Amino acid sequence: MAEDTGNDGDEYLLEEETGQEGDNADASLQEDAKAGDGAAGGDPELDSIESKIKEVEQEAEKLMSLQAKQKELLAAPAGEGAGGNSEEIDSRSIHIGNLDFATKPDELQQLFLPCGTVNRVTILRDKFTNKPKGFAYLEFSDPASVEVSLALDGSLVHNRAIKVSAKRTNVPSFMRGGGRGASRRPFRGRGMRRGGGFRGRGRGYFAPY
């Protein structure tokens with residue numbers, strides 16, 4: 001009876017040790033899984049891909065914003081972005097010709113400042129060489145300043161007499177009527193005479209049937 005009791009004790013201890021080993025194995029597997037998840041989250045390649053995706057999304061948002069602004073500008077009436085329509089701006093602007101190429105916008109502003117408030121001075125340049133064309137446009141804030149500024153016609157700027165005149169509004173040719181070179185004479189085919197006969201290459205001619 002004593003031997004049976006000893007065997008039962010050994011079996012109980014063995015089961016207890018086996019259960020502890022199983023628990024330890026499960027805990028080890030859980031730790032390995034957590035370590036694996038941490039390693040996956042710190043993958044530099046994945047981080048690089050995510051950052052690139054964010055950059056692409058930001059660029060797409062910027063592009064959409066620029067497109068929206070462009071649509072607003074296109075939808076606005078012509079000249080509205082510059083503070084009014086073109087005819088209204090031209091009514092308070094002057095043309096300044098015979099300018100020396102060394103003339104600066106601030107020099108023209110100082111010259112015409114006694115005539116009224118100057119909004120803007122634009123010296124035209126060649127789009128290929130970027131050299132001044134020798135004339136400029138000056139915009140006042142008040143149309144009445146245009147008449148006053150005409151008194152400065154012939155003033156010397158860099159020892160050159162400038163030409164001051166009111167700016168004219170450019171009208172497209174298709175709105176003016178017939179374009180340059182348009183002829184009002186009726187078309188006559190080659191070799192046709194006024195009487196309706198046909199003139200050949202020789203001296204004589206013959207009338208069609």
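Q: Quick one first. What does "buried" mean here?
A: Buried means under 20% relative accessible area. Over 50% is exposed, and partly exposed lies in between. Keep in mind that this is a predicted model.

Q: OK, so is E139 buried or exposed?
A: E139 has a relative accessible area of 7%, so it is buried.

Q: Which residues does E139 form salt bridges with?
A: R92 is one partner, at 2.5 Å from N to O. R120 is another, with the closest N and O atoms 2.7 Å apart.

Q: Where do E139 and R120 sit in the chain?
A: E139 is in strand 3 and R120 is in strand 2. They are 19 residues apart, so this pair links distant parts of the chain.

Q: And where is R92?
A: R92 lies in the loop between helix 3 (86–90) and strand 1. Its partner E139 is in strand 3, so the pair ties together parts that are 47 residues apart in sequence.

Q: Is R92 buried or exposed?
A: R92 is buried, at 6% relative accessibility. R120 is partly exposed, at 38%.

Q: Which residues make up the salt-bridge network?
A: E88, R92, R120 and E139 are linked in it. E88 meets R92 at 2.9 Å, N to O. E88 itself is partly exposed, at 31%.

Q: How many salt bridges are there in the whole structure?
A: A search finds four.

Q: New topic. How many residues are in the largest nonpolar core?
A: The core has 16 residues. I94, I96, L108, F112, L138, F140 and I162 touch the most other members.

Q: Which elements give two or more residues to the core?
A: Strand 1 (93–97), helix 4 (105–112), strand 2 (118–125) and strand 3 (132–140) do.

Q: Why would nonpolar side chains be together?
A: In soluble globular proteins, they tend to be buried together.

Q: Pick L108. What is L108 in contact with?
A: Leaving aside neighbours within four places in sequence, L108 is in contact with I96, L99, T103, V121, I123, A136 and L138.

Q: Which residues form a nonpolar patch on the surface?
A: L46, I49 and I53 do, with about 270 Å² of accessible area together. L46 is in helix 2 (residues 44–75). At 43% relative accessibility, L46 is partly exposed.

Q: Last thing. How many aromatic pairs are there?
A: The count comes to one. F135 and Y137 form it.

Q: What kind of pair do F135 and Y137 form?
A: It is edge-to-face, 6.1 Å centre to centre, with 85° between the planes. F135 is partly exposed, at 24%. Y137 is partly exposed too, at 27%.

Definitions and conventions: Residues numbered from 1 in each chain as written. Predicted model: local features only at pLDDT ≥ 70, side-chain atom pairs only at ≥ 80, totals over all residues. Heavy atoms only, no water. Patch = residues over 30% accessible without salt bridge, like charges linked within 9 Å, V, L, I, M, F, W, Y side chains within 5 Å. Areas by Shrake-Rupley, 256 points an atom, 1.4 Å probe, with all protein chains shown as cover. Salt bridge = Lys/Arg side-chain N within 4 Å of Asp/Glu carboxyl O. Helix = DSSP H or I, 4+ residues; strand = E, 2+ residues; numbered from the N terminus. Buried < 20%, exposed > 50% of the residue type's maximum accessible area, 1.4 Å probe, protein only. Core = buried A, V, L, I, M, F, W, Y, C linked by side-chain atoms within 4.5 Å. Contact = heavy atoms within 4.5 Å. Phe/Tyr/Trp six-rings, centres within 6.5 Å; stacked < 30°, edge-to-face > 60°.
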